[in-house]
Amino acid sequence: MLMLMLAVGFLNACSKDESGANISSDLQPYFERFSTEAVSRGKNINVLDSDLIASLSIDLPPTVIGQCQHNSAKPNEIKISLKDWQKFSDLQKEYVVFHELGHCILLRSHTNEKNANGFCTSIMESGGGVCRMNYTTSNRAVFIDELFNN
Ligand SMILES: [Zn+2]
């Protein structure tokens with residue numbers, strides 16, 4: 001009887017894990033931050049409730065910092081370069097996570113719109129140098145507004 005109860009408890013634990021997102025612990029705080037920023041703008045998004053998979057990776061091409069893979073047969077998957085992640089500041093980590101979630105969760109594509117001074121106006125810039133990125137603690141809120149309102 002005790003054996004049976006343990007087995008049932010174990011099964012419950014397993015099925016609970018499989019229903020949520022699978023996000024590596026290094027990335028998790030930034031995914032939670034994305035959800036918080038969404039909710040504060042009236043968007044009811046909880047990334048941890050999605051079936052997203054996200055991990056730090058050592059097998060991305062050298063020029064790729066992060067990517068979101070769409071596959072109709074599988075959950076969306078984000079990979080972020082481990083080498084770049086280890087060098088990044090908190091703000092740079094936020095930027096790359098928010099960009100990839102822009103693709104994977106908000107289904108946004110790239111935009112290289114720029115202001116009169118040539119600076120990018122969106123986190124969803126392509127990274128090709130068409131516009132210049134200047135993402136700081138004092139202007140991040142403007143970028144995050146743009147991210148969730150387009
Ligand atoms: Zn992108």
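Predicted model: local features only at pLDDT ≥ 70, side-chain atom pairs only at ≥ 80, totals over all residues.
Residues are numbered from 1 along each chain as its sequence is written, and side-chain values use heavy atoms, with hydrogens and water left out.

Rings of Phe, Tyr and Trp (its six-membered ring) pair if their centres lie within 6.5 Å; planes under 30 degrees apart count as stacked, over 60 as edge-to-face and the rest as tilted. The count by this rule is five aromatic pairs. The pair of Phe-34 and Phe-98 is edge-to-face, because the ring centres are 5.4 Å apart and the planes stand at 80 degrees. Phe-34 belongs to helix α2 and Phe-98 to helix α4, so this pair ties together parts 64 residues apart in sequence; helices are DSSP runs (H or I, at least four residues) and strands likewise (E, at least two), numbered from the N terminus. Phe-34 and Phe-148 form a tilted pair, 5.0 Å centre to centre with 50 degrees between the planes.

## Zinc site

The zinc ion is coordinated by NE2 atoms of His-99, His-103 and His-110 at 2.0 to 2.1 Å. Donors are N, O and S atoms within 2.8 Å of the metal (3.2 Å for Na, K and Ca); water is not among the atoms, so sites may look incomplete. The donor spacing in sequence is H-x3-H-x6-H. His-99 and His-103 are separated by about one helical turn, because they are four residues apart in helix α4 (residues 90–104). Both of these histidines, His-99 and His-103, are buried.

## Nonpolar core

A nonpolar core is a set of buried Ala, Val, Leu, Ile, Met, Phe, Trp, Tyr and Cys residues joined through side-chain atoms within 4.5 Å. The largest one has 29 residues, of which Phe-31, Ile-78, Val-97 and Ile-123 touch the most other members. Helix α4 provides the largest share of this core, seven residues.

## Confidence

The protein chain has a mean pLDDT (the predictor's confidence in each residue, from 0 to 100) of 88, and 87% of its residues reach 70 or more. Confidence is lowest in helix α1 (residues 2–19), at a mean of 47, and highest in helix α5 (residues 140–148), at 98.

Methods
Buried < 20%, exposed > 50% of the residue type's maximum accessible area, 1.4 Å probe, protein only.
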